[in-house]
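Good morning, and thank you for joining this meeting. Please look at the sequence and the structure as I show them.

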Amino acid sequence: MRQTMWSMAIGGLALGSLSMVGGTAIGGDLGPLAVGYGLLVALTALYLFAGLAIRERSWRRLSRPMPTTAQPDRLAGRRVF
């Protein structure tokens, strides 16, 4: 699932960039429309990149292992110097 979302973000960024560059070569009313939609798709792909990076970082932070040593639940079980 994660791999698919990353590929969608890369594909969206590539498609948006291609549309923005290709829209400048098209004359008439269709060119600015293609540039506008390309910009929209590229910004959406960048937003997806940011969301996936934040999600991956938070999952990495949550999945730290718990300490394996037994923690005493009373003060009498600890050495205090």
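The protein holds one aromatic pair, by the rule that rings of Phe, Tyr and Trp (its six-membered ring) pair if their centres lie within 6.5 Å, with planes under 30 degrees apart counted as stacked, over 60 as edge-to-face and the rest as tilted. The ring centres of W6 and F49 are 5.7 Å apart and the planes stand at 50°, so this pair is tilted. Because W6 belongs to helix α1 (residues 2–25) and F49 to helix α2 (residues 30–62), the pair ties together parts that are 43 residues apart in sequence.

A word on the source. This is a predicted model, in which local features need pLDDT of at least 70 and side-chain atom pairs count only at pLDDT 80 or more, while totals for chains, interfaces and linings use all residues. Residues are numbered from 1 along each chain as its sequence is written, and side-chain values use heavy atoms, leaving out hydrogens and water.

How many helices and strands are there in the protein? There are two helices and zero strands; these are DSSP runs, numbered from the N terminus, with helices (H or I) of at least four residues and strands (E) of at least two.

Let us turn to exposure. Buried means under 20% relative accessible area, exposed over 50%, and partly exposed in between, with a 1.4 Å probe and protein chains only. W6, at 23%, is partly exposed. L33, which lies in helix α2, is also partly exposed, at 45% relative accessibility. Of the 81 residues in the protein, 12% are buried.
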